[in-house]
Amino acid sequence: MSVNLVKGQKIDLTKGNAGLNKVVFGLGWDTNRYDGNADFDLDVSAFFTDDSGKVTGEQDFVFYGQPQHPSGALIYSGDNRTGVGDGDDETMIVELNKIPSNITKISFSATIYDAENRLQNFGMVDNSYIRAYNADTNEELFKYELNEDFSLETGVIAGELYRKNGEWKFNAVGSGYNGGLAAIGRNFGLDL
C-alpha cells in the first residue's frame with residue numbers, strides 16, 4: 001500500500017515489510033514555463049554518507065558519470081536528457097543488504113545540467129516527484145511530490161534513505177539549492 005508523503009515526513013520501509021531488499025527509487029518531472037532554445041536536462045545523483053553526514057570519498061557519489069556504487073548497492077539507470085514521457089524519468093536500484101555497514105544514509109538529488117548558462121531553474125519544472133517501489137513485486141512503497149516552488153533553485157535534495165536501529169527508513173526532504181550539483185556536493189563533502 002503506497003503512502004503519499006509530505007515534506008519532512010518519514011516512513012519505515014523495512015519494519016513490517018520482511019524480505020524487502022531491492023528497492024527502486026524513481027524520479028520524474030516535466031518542463032513547463034520554458035521557452036528557451038537549450039535542452040532541459042535534469043540529472044539524478046545519490047550520495048552515500050556515514051555518521052558525519054559526509055561521503056567517505058568520490059566512490060560514494062553515484063551519478064551519470066559513475067553509475068554504480070563500488071559495493072553494488074546502487075545502480076543508476078542512466079541519463080534521461082529530456083524528461084519526455086510518462087512515469088519515472090530516471091531510476092536508481094538499491095539493494096539494502098549490500099549497503100556498506102559504515103553508510104548510514106543515501107541522499108537522492110536532482111539538478112539541472114548547465115542551468116546557469118541555459119538560464120534554467122526548478123521554477124520551470126512541473127510534476128516532479130520521487131517514489132520507491134519493491135523491485136520484486138512492483139508494489140509502490142511511497143511517492144513524494146515535490147510541490148514546492150523552487151523558483152530560483154537549480155538543485156533539489158528530494159529525500160534520503162537512512163538506517164536507524166537496524167531498519168531502513170525514508171525522509172522526504174525537499175530542500176532546494178542554488179548552485180546546482182556543485183552546491184549539493186559541497187553539502188556532502190565533495191568538491192565537484
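**View 1. Strands β4 and β8 run antiparallel and are joined by eight bridges.** Here β4 covers residues 42-49 and β8 covers residues 105-112. Phe47 has Ser107 as its bridge partner in β8. A strand here is a DSSP E run of at least two residues, numbered from the N terminus, and two strands count as paired if DSSP finds at least two bridges between them. A word on the model: it is predicted, so local features need pLDDT of at least 70, side-chain atom pairs count only at pLDDT 80 or more, and totals for chains, interfaces and linings use all residues. Residues are numbered from 1 along each chain as its sequence is written, and side-chain values use heavy atoms, with hydrogens and water left out.

**View 2. Strand β4 is largely enclosed by the rest of the structure, because eight of its eight residues are buried.** Buried means under 20% relative accessible area, exposed means over 50%, and partly exposed lies in between (1.4 Å probe, protein chains only). Leu42, Val44, Ala46 and Phe48 point one way, while Asp43, Ser45, Phe47 and Thr49 point the other way.

**View 3. β4 also pairs with β5 (residues 61-62), antiparallel over two bridges.** Look for Ala46 opposite Val62 in β5.

**View 4. Gly65 sits in the loop between β5 and β6 (74-76).** This glycine is exposed, with a relative accessible area of 52%. Its C-alpha atom is 9.0 Å from that of Gly78, 13 residues apart along the chain.

**View 5. Six strands make an open sheet with mixed pairing, in the order β1-β10-β9-β3-β7-β6.** β1 (3-5) and β6 are the edge strands, each pairing on one side only. Within the sheet, β3 (residues 22-31) and β9 (residues 125-134) pair antiparallel over eight bridges, and Leu27 has Ile130 as its bridge partner in β9.

Note on methods: Helices (H or I, at least four residues) and strands (E, at least two) are DSSP runs, numbered from the N terminus.
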